Amino acid sequence: MVERTEKVWMNGALVAFDEARVGILTHTLHYGLGVFEGIRAYEGPSGGAVFRLREHVERLLRSAHIMQMEVPFGREALESAVVETLRANGMKEGYVRPLVWLGEGAMGLLPADNPVEVAIAVWPWGAYLGDEGLERGIRAKVSSYTRHHPNIFMTQSKTCGNYVNSILAKREVTRLGYDEAIMLDPDGKVAEASGENVFIVRGGLLKTPPLGSVLDGITRDAVLRIARDEGIEVVEQSFTRDELYVADEAFLTGTAAEVTPIREVDDRRIGAGRRGPLTEKIQTIYFDAVRGRAPRYESWLTEL
Ligand code: PPE
């Protein structure tokens, strides 16, 4: 079970963990129309800092906009609330989960006047796919579940209900002994993993699927920026699962998963079957950036 912290920020104030509760007729609990974020804070040489706080809060507000939810707090208030919640729990490092949901009011599929509520919870979270995964790479399997068509579930919003698809895929492949699920879009092209964006490297070229059927990942964006700064050629282009099989290197990106190498897909070894050199380079710079050891990316950090 995830470690409980002392305080949760709820609708404008810090409350004790056990007081952060919702009622049984909370609309989102029944129908899944809510939006959320996942943010990390890291401890570096000069203390704790939140990684790309503004971008995460902006994406939360964009998700809400897509889902036509009027969030009763603005960007600055939400940014301060994230910092406040981490501080109140004495955390210099950890995961932050802002959640926006529809509270109690109407039931049924037209929740006109249900209040839009907001909470921010935090917890300590280690390597999402394991410390060994970060170093050696993980084993992935393409799931039998297709990723969302944007006219079924819009992919640019981190909508709670979207994640049922991710859970089905993740559960399917982990039961078969793999670490993570890779999902194909309705055209059969590689989309993303259950909670991460996907990258491949071939002949020195870094490739990731374009936005459309994938989330506009903030780690994805950071990696694209790091790669360009390092003079690595990058393209946002669709590719098939067999192109993934013959990649020299492959890796996943996400706030939770950070930069995790993929060493195997569908029982095919990727490259040398371990973390590739370009993956390692990008991973090292990414960890330097999040931990405040890369002056070039200092503007990505909000000190605690
Ligand atoms: N795609 C999906 C579907 C996704 O959920 C995430 C984040 C990403 C890509 C990467 O986005 P970003 O974090 O901005 O780089 N997944 C979050 C949920 C993890 C969870 O298990 O909960 C995360 O990494 O925080």
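In this predicted model, Leu53, Arg54, Val57, Glu58, Leu60 and Leu61 of helix H2 are in contact (heavy atoms within 4.5 Å) with Arg75, Leu78, Glu79, Val82 and Val83 of helix H3. Local features need pLDDT of at least 70 and side-chain atom pairs pLDDT 80 or more, whereas totals for chains, interfaces and linings use all residues. Residues are numbered from 1 along each chain, and side-chain values use heavy atoms, without hydrogens and water.

**Helix pair H2 and H3**
- The residues of this contact comprise seven nonpolar, no polar and four charged; Ala, Val, Leu, Ile, Met, Phe, Trp, Tyr, Cys and Pro count as nonpolar, Asp, Glu, Lys and Arg as charged, and the others, Gly among them, as polar.
- The axes (lines fitted to C-alpha atoms over the stretch in contact, with angles from 0 to 180 degrees between N-to-C directions) of H2 (residues 53–66) and H3 (residues 75–88) come within 10 Å and cross at roughly 125 degrees.

**Nonpolar cores**
- A nonpolar core is a set of buried (under 20% relative accessible area, 1.4 Å probe, protein chains only) Ala, Val, Leu, Ile, Met, Phe, Trp, Tyr and Cys residues joined through side-chain atoms within 4.5 Å.
- The largest such core has 27 residues, of which Leu206, Phe251, Ile282 and Tyr286 touch the most other members.
- H8 provides the largest share of this core, seven residues.
- Beyond residues up to four places away in sequence, Leu206 touches several residues, including Phe199, Val223, Phe251 and Ile282.
- A second, separate core holds 25 residues, among them Val35, Met67, Leu102 and Ile120.

Notes:
Buried means under 20% relative accessible area, exposed over 50%, partly exposed in between (1.4 Å probe, protein chains only). Helices (H or I, at least four residues) and strands (E, at least two) are DSSP runs, numbered from the N terminus.
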